[in-house]
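Me: Please go through this structure with me and tell me what stands behind each label.

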Amino acid sequence: MKINSFQEYEEAYKKSVENPEDFWGEIAANNFEWRKPWRKVLNWNFSEPKVEWFVGGKLNITENCLDRHVKDKPNQPAIIWEPNDPNEESVTLTYRQLFERVCRFANVLKRNGVKKGDRVCIYMPMIPELSIAVLACARIGAIHSVVFGGFSATSIADRINDSQCVAVVTTDGAVRGNKAIPMKDTVDDAMIGCPSVKKVIVATRTRTPVSMIKGRDVWWEEEEKHVTSDCPAEEMDSEDPLFILYTSGSTGKPKGVVQTCGGYMVYAAYTFQNVFQYKAGMVHFCTADIGWITGHSYIVYGPLASGAISVLFEGVPTYPDAGRFWDIVEKHKVNILYTAPTAIRSLMGFGLEYVEGKDLSSLKVLGSVGEPINEEAWQWYSKNIGKDKCPVVDTWWQTETGGIMISALAGITPLKPAWASLPLPGVQMMLVDENGNEILGGNVSGNLCIKFPWPSILRTTWGDHERCRTNYFSAYPNLYFTGDGAMRDENGFYRITGRVDDVLNVSGHRIGTAEVENAINMHTGVVESAIVGYPHDIKGQGIYAYVICESMIHDEDLTRRDILATVSRVIGPIAKPDKIQFVSGLPKTRSGKIMRRILRKIAEGETSNLGDISTLLDPTVVEDIKNGAEALK
Ligand code: PRX
C-alpha cells in the first residue's frame, strides 16, 4: 500500500476515484489480517447518512496491532515511554510485552463486568497504561471513550452519561511539567452524577492519597494479580463501533463521534505509512495527547497497526526547559516528529539556544497538525529542526475524518509552505459557494466539502444520528461538510483558512463558542455573553468574551477571575477566555441575533471599518463596546 513516487501517487489517486472499491478492497485484503472476508467493500449514501466499509468482514484491530507483530518481531519496541521528569527512567515495551499487558488488562476489564459493546471511559495521563487500556477495550470489543485529562468533572460526567459508560479507567494522580494533577479526585466529583458507572479502575502513577470506595473502586495492579495474560481477541464486525471521541461543534453539547473497527484500522495505517513514509524500524514521535484524535490515530492505532515504534511522552514541551522535544529526539533517535503549530510557535519564542547542540540528525520527516501553520513557523521548523533536509508535511483532518485527508506525502509529493497541499488517495475534496455550487478551477476559495466516503468517515454521533445528519450532511445535499474554509491554487493544492462555523481552534484544540458561552452564563450575575476568536501569536486563536453582568458584587478584576474559575469548573482550563470585556449590551439585529462579525472585528482591533450597522436594534452599543475594548488593551 506504500506509495513510492509522485507518479505512483497520481496512479493511486486516479484508481481511488475511478474504482474506489477495488482500491480500498486490495489495500484492506493485502495488508491486514481478517478473521473473515467482507461481502462487499462499500455501501453508502450521504442522505441518511449511512456508510459501511468492508461489509460483513470480521476482525479484531488488536490482532493487527499486536498478535501479528508478536509473531514477526516480538522483541522490537512498540512503545517508548518518556516520563514527565527527564530524570525518571524511560520505559520500553516490546510488542510481546505490550501484547501481554493488553491481554492481562483486558481480563481485568472482563473481571470487572465489562462486556463487548459496553462503553468504557478512560481518563488518564500519557502513561503506557493509557495505550494499554485503549487496546484492552478493543481486545474485548468494549467501546472506549477517552476523555482528555484536562477536562473538568462536569465535562467527564456529561460524556459518561451521554454514552452510559459502565466503567472508568483512571489514575491516582498525574504530573505535567511542575504541576500535580488530581485525576482520581476529579473522577470522584464526576461520579456523583454518573449512575451508569459500576467500576472505577485506578492505576498508580503518583501514589497521592485518594479515596477508594468499596465495591466501586479497584486498583489496577491489584486486579492484575487475579487474572492471566491469556485473552483471545473478540471477533468484531467491520462496522462494530471501536470508539467514541467527543468533540466540540457549533451547538452547545459536544458530539460523540463514532469510529468503527474495519475502516478506521485501514485508513489510520494507510495514512500513517504514506504521509510519513514510514519504513520498518522507524521511531515515530507524535506529541499529541491520546485524549484527542491525533493521539488515537497516530500514537496508538496507525503506528501499532504498522508495527512501528511509537514514542509516548507524558510531559510538556517546556519542561524542564524549552529544549525538551529536542532532548527526546536525541535520546530516542526519533525519525518522524509530528507536532502542532502552537508548540512550534511557542518554542520559536524561546530562541535557538534550546535547539543548538542537540543532535537532531535522526530526523527524517516533520509533521504539523491541528490548525493552520503560518509560513514563519513552517520555515523555522523546516530550517532549525529539519535542517532543511526533512520534508514538513502539513496534515489537515478532523476527529470526524479519523485520519489525515489533505497532506503532502513526505519526499514524494511537492511541498508548499503553509499549504496542506494535495488530498490523499480516496479523498475527493470539493469547494462550494454559499449556495452549494461547486467552485471549479484554481486560485479560488470556498467552503470545504467531500463528495465520496473514505474508510474512516464518522458513522454517527453517539445516540443521535439526526444530529450527525444535520451537522455534517445537510448544509449541502450529498456532501460531507467539514466546517472549514479553504483556498485552492492552480495545481489543486489546498490551504485551509479556518473554521467558517462558530467553532474556535485554540492551540489546536477545538472549542465551541456556544459551550463557552453556556459556561459563562452559569456564573452568578451574568445575563448574557458572546464569545469570538481573535488572532493570537502563539495559540493561533485566543478566546475573547463579551459579558453582560447584571450585578457585580466585587470589582471587575475579581469578577473576571471568578468567571474564569467557573469556566474551568464547567469545561476545563483549556476553555478559559484570554480576554473578558464587560459590556452593557450586545450588537443584536431586530430579530435578536448577535452580529458576531462586529464583535470579531472589535476583538481583532479592527474598529475603523465595521461595515453596515444600521440593521442593529441599538447601534449605540457598538460605540460603547469599541471604547471598552480600547480600555482593555
Ligand atoms: O479547522 C480544522 C483544524 O482543526 C479542525 C479539526 O479539529 P479536531 O477534530 O480537533 O482535529 C484536530 C486534529 C486532526 C479542522 O476542522 N485543522 C486540523 N488540521 C489542520 C487544521 N487547520 C489547518 N491546517 C491543518 N493542518
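Reply: Domain 1 (93–234) and domain 2 (503–632) are the two parts into which the protein chain is divided; the bounds come from an automatic or database domain assignment. This is a predicted model, in which local features need pLDDT of at least 70 and side-chain atom pairs count only at pLDDT 80 or more, while totals for chains, interfaces and linings use all residues. Residues are numbered from 1 along each chain as its sequence is written.

Me: How many residues does each domain bring to the contact?

Reply: Domain 1 gives five residues and domain 2 gives seven. Two residues are in contact if their C-beta atoms, placed from the backbone, lie within 7 Å, so these residues count by that cut-off. The centres of domain 1 and domain 2, taken over C-alpha atoms, are 37 Å apart.

Me: What makes a residue part of the shell around the ligand, and which are the closest?

Reply: A residue counts as near a molecule if its C-beta atom, placed from the backbone, lies within 6 Å of it. The ligand is surrounded by 23 residues, and the closest are Trp396, Gln398, Thr399, Ile496 and Arg510.

Me: Which helix and strands each supply at least two residues of that shell?

Reply: Helix 10 (293–305) does, as do strand 20 (392–395), strand 25 (480–488) and strand 26 (494–499). Helices (H or I, at least four residues) and strands (E, at least two) are DSSP runs, numbered from the N terminus.

Me: How do you know where the "Acetyl-coenzyme A synthetase N-terminal" domain lies?

Reply: UniProt, in an unreviewed entry, places that feature at residues 9–65. Such annotations may be inferred rather than shown by experiment; UniProt positions use the numbering used here, and feature names are shortened. Residues 9–65 are 47% helix and 25% strand.
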